Every structure is written in C-alpha cells, then in structure tokens.
Amino acid sequence: MHRACLVFALALIALASARLDCAQTIVTHSAGGPARLDGPWLLYEGDPPDGPIASADPRPGRTYQLGTGRIPRQGPKIIWLRATVSPDEPLSNPALLVYPNAQDCQVFVDGQKAVDCSNWPRTTNHARRWLLVHLPTGPAQIAIRIVGPLGSPARIPHNGDVLCGRAPVLEDIRTANDATHFYGVLPQTLLCAGELLGGAILLLAFRNDARGQAYLWFAAFLFLDGTMSLESVFNYVYPLLPYSTGELTDALGMIGRYAPLVGFIAAFTGVRLNRWMRGYQILLLTIPVLFGFPYLGEKLAWLPRWSGETFSLVLLVVQVPFIVGSLGFLAWKWRRGNSEAGLLLPSFLLASTFEVLGITVPWFRQFHVGRFAFEYDDLSMFFFLVSIGPVLLFRHRRIALEHERATAELDAAREIQQRLVPRSIPALTGCHIEAAYLPAHEVGGDFYQILPRPDGSVVVAVGDVSGKGLKAAMTGVLAIGALRALAFEGLGPAAILMRLNAELVRASNGGFVTCFCGVLNPGGALRFANAGHLAPFRNGREIEVPGSLPLGIVPDAEYEESTLALDTGDRLTLLTDGVVEAQSANGELFGFERTGEISAQAAQSIAEQAQRFGQTDDITVLTLNRLAPA
C-alpha cells in the first residue's frame, strides 16, 4: 500500500514537472516562414529577488498567451516573460524579432543580456523599431523584461509582437516595418518642414518691416506647432527627447499653439490686445504645462495626472471656443468694414471645418491614402497654410508697395523741404542773423526766409505748415514762393500776411500756416505782424503780439501791425513750436519757461538743447542781433 502511494506521488510530481516544462517551452514551426511566439509564456510581476539580471526566477509565474489579456491601470511597472524556444527543425542563423511596446525593454538569451532598448540607439515604443536578437542553434531560454512608462504599468506585447525565424527574413520584416512607419510620418514631416521654413521667411519679413507684428505672431505659431509636431515625428522614428517630455510637447502642440494665433488675428486686423485676449493666451499656455508637468520626473509624480479622456475633453473645451470666437470675431470685423478680417475669414473657416470633422467624425481622425497616413489635424493645418499663404503674400506685397510709395513721397518731400530754408544767410548792415534748422524724422513744414530789399530794409519771416509729409512741404513751397514775390512789392508785414493768406485760401490744400513776418529798417525799427505763430523773444523776454488766425483758414482775415525799436545789442529770437513741444521720454514738455530761459543764447545752442530734451517735430530757431553803426 505504501509502495503504491509512493509510486502515485512520484507520478504526480513527474506530471507537474512535465506541465511546467510544457508551459515554459514554445515549439516553433518555421517551415512556412517566421513563427509567432504568442505563448505559452511564464509571466512574472516585478524583478526577481536576485535582481534584474538573474538568469532564472524562483518565484511561481503564471501561464500567459500574448493577446489574451490586459494589465490593469494600477498594474505592475515591471513584467518578465520567460520561455524556452525550441525549433521543430534546425534553423540556419536563427533570430528573434521583438516589438518593444514599452518605455524600457531588455531581452536575455540563455541568461545573458542580448539587447537593451534603453541603450543607444533609442528604440522605445514611440520609436516603433523592432529589436532583432540573434539566437544560438537549438533550444534557447528567452527572457523579456518590460518596464512601463513613468508612473504607468508595463505594456505586455500583443499577439504577433514576438517572431522567431531566420535572421535575414526577420531583418527584411523589420526594414519593411520601418518603411511603413516612414511613409506614415512623411506627410507630417513635410508639413513640419514647411511650417519651420514659413516661420523663418516671416521672421525675415518682420525684420524688414518691424511694424508687421502679424508676421511675428504667425511665425511664433508656425515655430511652436512645427517644432512640437517634429518632436512627435522623431518619437516615431528616432526619439530626441526623453519619454517624460512627450506629454508636455504634445499638449503644447495641440493647445498652446492657439495662443500666438490670438495675437496674429488681433495684429492682422489692427486690434490691440486687451487684457481678456492676453488672459486667454496665458490660459492656453498654462493648460499644457499643468498637463505635462507631472510626467517630467519621479519627484513630480505626486501631482495629479489627467487621463486621456480628461485631456480629450479639455482639448474639446479649448478648440470649440477658439473656433467659434475667431470666426465670430472675424465675421463681425468684416461686417464693420475691416477688409483684413475678410481676407482671413475663408482660411479660418476652412481650417475650422477640418477641426470640427476631426472632433465629431471618428473615421476622419486618422486615415490612410496608399502608404501615407493622415490625421485630421495635419489636413487642417495643411489647408490652413495653403489658404492663408496667398493672403499673407498679398498683404506683404501691398504693404511693400505702400512702403515704396511712402519712401518715394518722403524723398520728394525732403527734397522740397530743402527749399523751405535759404542755403545761406545774406550779409546785412546793422544786424547779424543766425539760423538753426533741425528737421525731424517725419518731414514737416517749418520754413524761414531773410529777404533784403533795395531800400536797405530786410523782410524776416518764420513759419510752420500744419501736417506732415509731401503735402505740408508743398504748402510750404507755395507760401515761400508767394512770400518772396510779395516782399519786393514794398508792402508792410500786415499787408504781406493778408496777401499770403489769400493765396493759400485760393490754393485750398486743406491745411493752415502760422507765420511771423517782420520788416527791419536800417535804423533798427521793426514793424511786424503775426498770424497765429509763437511770439518772439527780446533779450530773453516774450514780446506781446496781437492774437490772430493762421493763414489759409478764412479769406478775409485781417492782421494787426505793430512796431518795435531794437537798440544796439538787442537780440530778437524767433522760433517754431518744435522747441516748445520737445518731449522727454517720460512725457514732459520742454515748455515756454525753459524756452524763455535759453532764448538769449545762440540759435544753434537753443535748437540742440531742445533736440537733446526730446525732438518730436522740426526745430527752427532764428536770432537777430542789432549791431552798433559802423
């Protein structure tokens, strides 16, 4: 009886051993090509007690067939698969092909590490390049160690992810798989290259025209979306950044890219960014940081992590307001006569159509055309760039033509401006005249004239034309031409201003001219009249002059004539409002008080002090010193 029990126990032990060996052994049949090693494998959770390089695991494993189950969300971070691979017939140059659907993966053959996808070159699950492991002839003990992403459970290979066969055949399979992935990411790669090239071109356009803020905003959008998409492409081909940064870069590419688009829409339509727009931009950049920050390191793993469903919901909440808001804003501005908004509206409408289709139609999110893979986001971006490219080109060309026209007008105005002031000051008996003229960046209409008469008197006039540019310069030329003609008719200053006013009203250029006109005789008597110009200074004190209208406003304006006797050594200072209205960086005006304090100085000194204070307009200063008789 005892002998029978012993025999029965030995039989049970032998049967258990046979089942264990069967569970750990996978017999391959490679006659028809590479064999799929779907199982049975022995699955272990966590590393062996002796460490991750142990050739065997004393713990009891469980039998597992690839593709028959999933690891729960809170499952183990490290998983081992062990089995003995035994070909049913001898193979020349046998090998194993493993798809590393993991952040970190090592393959051991007969207890020795054969390949490690954490080493260079990187072949993570995002790189999607299969691992080729050469095997010895005959049975071989295979162990696959799989490490899950940061803070996430390990991913078990699916059925068909482990193959066994001849190395050349497996290499061909891997090459074909690489080509499939290459063609799958080729459209997105070309789109990224186009975005980066377009961003560089727009930066050059902004460099040539610093006022084109729209170019800078759109370049920022292209660089942000292009670099984030390119990083995603590299993750599928040859990852450059650690896996932990993937969540952040993906979120920036999908949500953060809308922030520069808000600035682009505002700049393109000529609207200043208000605090609501800036707040929305900050929100669009903050959401990706909050989403991706917990994945950047183990020390940040305590931060709450968003699930894929939560991120999809947030993406929808972000996209819909942007689509509705941008289309509504552009339509509203277009209806109110903003032609720039009308140019942008078709491009945003087309891109928004693809975005909505991608959100609402599941099959549209990703599809293939031949060997090429497309996502709705790539199509949306492609058609957006194709449609908005001509708009930006048209705008750039129009602005360039306007700039050329303005430059030509500015050159003509500056050439005319040179005629508003005499090239030299004539030598006069009994007085010495100095003049300083400092034009501003914008062409204005300051002028002065010193016109000696045959009777020994001299006509002195200082004026300022309203407005800027070519029109102001032309009005100044008209005033000077009439002034020169009237000066030699022997008229007094009031009569000169009345005749000059009639000429300007008849020309009807729409502007006006302020002018101080004086006639100084050899004896030092100065007769003068003023048409809305700044009062002159005598020896540092402002002279009272009758108030009157500028020239060119009403045809029947009258001007009162006054007389002033200049004694020997007296200095009379005439100037334009460019001195008084000089403005410092903090907005302070030079003012009448400062002007009066320096009005007795030389003309050049007065002009330079006002210029250093902060020139905003043409500065003209003319000083007349009464000399002792020879």
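A residue is called buried if its relative accessible area is under 20% and exposed if this is over 50%, with partly exposed in between (1.4 Å probe, protein chains only). The legends below describe a predicted model, in which local features need pLDDT of at least 70, side-chain atom pairs count only at pLDDT 80 or more, and totals for chains, interfaces and linings use all residues. Residues are numbered from 1 along each chain as its sequence is written, and side-chain values use heavy atoms, with hydrogens and water left out.

View 1. Helices (H or I, at least four residues) and strands (E, at least two) are DSSP runs, numbered from the N terminus. The buried residues of H11 are Pro493, Ala494, Ile496, Leu497, Leu500, Asn501 and Leu504. They lie on the same side of H11, because they cover an arc of only 150 degrees around the axis, the arc being that of the directions from the helix axis to the C-beta atoms. An α-helix has 3.6 residues a turn, so residues three or four places apart point the same way.

View 2. After H11 comes Ser508, with a positive phi near 45 degrees.

**View 3. The crossing of H10 and H11.** The two axes come within 10 Å and cross at roughly 140 degrees. Axes are lines fitted to C-alpha atoms, for helices over the stretch in contact, and angles run from 0 to 180 degrees between N-to-C directions. Contact means heavy atoms within 4.5 Å. Among the residues that meet are Leu478, Ala482 and Leu486 in H10 and Ile496, Leu500 and Leu504 in H11.

**View 4. The two sides of helix H6 (residues 275-292).** H6 has 18 residues and reaches 26 Å from its first C-alpha to its last, close to the 26 Å expected. Met277, Gln281, Leu284, Ile287, Pro288, Phe291 and Gly292 are buried in H6. Their arc around the axis is only 120 degrees, which puts them on the same side of H6. Arg275, Trp276 and Ile282, on the other side, are exposed.

Methods: Expected span 1.5 Å × (residues − 1).
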